[in-house]
Amino acid sequence: MGDTLEFNEIYQESKGSWNDGRLRFSKQNVVYKSSKTGKVDNIPAAELSQATWRRVCLGHGIKLATSTGHVYKYDGFRDTDYERISEFFKANYKVELTEKDMCVKGWNWGTAKFSGPLLSFDVNDSSVFEIPLASVSQCATGKNEVTLEFHQNDDAEVSLMEVRFYVPPGPADEGADPVEAFAANVLSKADVIQATGDAVCVFKELQCLTPRGRYDILIYPAFLHLHGKTFDYKIPYTTVLRLFLLPHKDQRQMFFVISLDPPIKQGQTRYHFLILLFSKEEELRLTLNMSEEEVEKRYEGKLSKNMSGSLYEMVSRVMKALVNRKITVPGNFQGNTPGAQCITCSYKAQSGLLYPLERGFIYVHKPPVHLRFEEISCVNFARGTTTTRSFDFEVETKQGNQFTFSSIEREEYGKLFDFVNAKKLNIKNRGFKESKNNEYSDSDEDQHDAYLERMKAEGKIREEGDGSNDSDEDTGEYDSNASESESGSGGDGSDDEGKKKTAKKAKVVKERKPRKEKKQKDTNAPKRPMSSYMLWLNSSREHIKSENPGISITEISKKAGEMWKQIGKDDKEGWDRKAEEAKKNYEKAMKEYRENGGGSSTPSKKESKKAGGKKEDKAGGKKRKSDRGEEEKEQGGNDSFKSREFISSEESSSEGERKKAKKAKGKPKGKESEEEEEVVTTPPSSEEDSD
């Protein structure tokens, strides 16, 4: 048999909720580490006094009792693990692992036994259930009843609110009341905070960021009391998980962060972190409300009766001694700002500071977030959504939660990437740093960016326009000089210059005309078909919302893009077929729409004017053509230039007349007049398409 036994997915009950973790038996101790909170239970082997193996709801469990009066329960073992654990306990701990069955008769009367921190309800020497007295928040007594109320756990799906015990009256000759004796045993081990005695020390008017306000902090031997103008909070030291001392980026202030589990509550609000803000310039002289001998005996030299120094140093020193936990400070990380050990960023639209630590990340302050490296699945560097001067840092946990820290300055990228790489975290887009063309591209780089393409096209048009302007200006100067020299002989250069200017204007109109036409939309026309991606997104949007409650619209698009990449080739081909079918239906509907006269009901202003002129002149086509030529002469005054609209309409009308002449031989006069009307009223654009 080896020196250690390790078991994964072992569960520990915490106020009605199961937390999984890892349990290890070694020759020196028993260590259990929670996967959720990272809290470690360390039981020295010399203190183990009793071990019980029993059948529970999650398979089999072990109950360990120590000589100091503590009880630990771990569930999730298999039936085959009993022999290995029993032999290991005999060989290394000299403790017998005894089997004991739970009572399942369903009786509600029995005997209440107090054994250390547990209240056990037994029937015929078999335990029915056990209540950890540390979970009791209040104990009330009646005539023959004792009511126990419990702390609530937000992670538990079903919570036990209270339990009532009926205590029968004892013999008349006994002076003690059995109800009061029962309540006294409960309160001796219950987590009921009673402010008895004087505080060890008091800190006045400290600035607190969460919960917000200024509070007087009273330090008691067993708990911390926050006294404010509106609210009071009592925090037992047993609920403190970690302590952090973090320097502000301005190097003038300090954050002192206290991590709590379970959190303090105010209505429906939960505060998992208590954050205090101090100025480095504040000094304090502190005197403890204890004698020097008592201070030396209780705190073993960690504190002294009279202390002086910076205010944040005094608070952190006192908390470290009373809570008996180490204070976490930033490691070797240095940001782009000289002396700064943090990064300015935003989380959930709130600006704050992200601190890379030796074993995790912590973000302060609204809302505070602490992420341990061991619970991180991967990280991702993504392009900023609003500007290329910043980027986003995304952290995904093993539980599937994602935290996005946005608006990080571009200069911080190299330092943060090197830090993440040194900690051997899994980087989702490996090779991102080495890309030279697009240094801050995200994982959706292969998707079509319509806005980017539009900006490129407009830039190209501007460049062409600038180049043509420059060349035309140079040519114009040369031609103008030539025209001055040739003005006496006839002035042909001025005509050439006018043609060039006219041609230049026509070129610009030609480039910008499609953009103007896009603004005009026929509301009666069939809707354009959707792509395969949009068809899939419409069918999957509700599913994405149900799996991610409260997700924003932008996050839905981002999540959908990632899911679309992961879809198999066969599934994508199915959506492509649907998109192709939708396209065919659109083309068919559009054809029918045009055949029924669609598209002519909402013409542009120019086309409506032409159509009006055609209706007035439809009695004589030749007269209409000549009138239009006279109007062009009156407006333009230049016979050498004809607009694109005039040319296209003239060609189309002449083409229509030729068709009419061919068909006139075999048709009656009535039909000829009808066809003439059709040719006249058809817009030029549609005739060009048909040609």
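Two strands pair if DSSP finds at least two bridges between them. Helices (H or I, at least four residues) and strands (E, at least two) are DSSP runs, numbered from the N terminus. I kept both rules at hand for these entries.

**Before starting.** I am reading a predicted model, where local features need pLDDT of at least 70, side-chain atom pairs count only at pLDDT 80 or more, and totals for chains, interfaces and linings use all residues. I count residues from 1 along each chain as its sequence is written, and side-chain values use heavy atoms, with hydrogens and water left out.

**Entry 1: E1 and E2.** I looked up strand E1 (residues 5–14) and found it antiparallel to E2, with 9 bridges joining them. Glu6 has Arg24 in E2 as its bridge partner. The two strands make a hairpin with 2 residues between them, and Lys15 in the turn has a positive phi of about 55°.

**Entry 2: the faces of E2.** Which side chains of E2 (residues 17–25) are buried? I found Ser17, Asn19, Gly21, Leu23 and Phe25 buried on one face (under 20% relative accessible area, 1.4 Å probe, protein chains only).

**Entry 3: E2 and E3.** I followed E2 to strand E3 (residues 29–34), its antiparallel partner over 5 bridges. Leu23 stands opposite Tyr32 in E3. This hairpin has 3 residues between its strands.

Notes
Buried means under 20% relative accessible area, exposed over 50%, partly exposed in between (1.4 Å probe, protein chains only).
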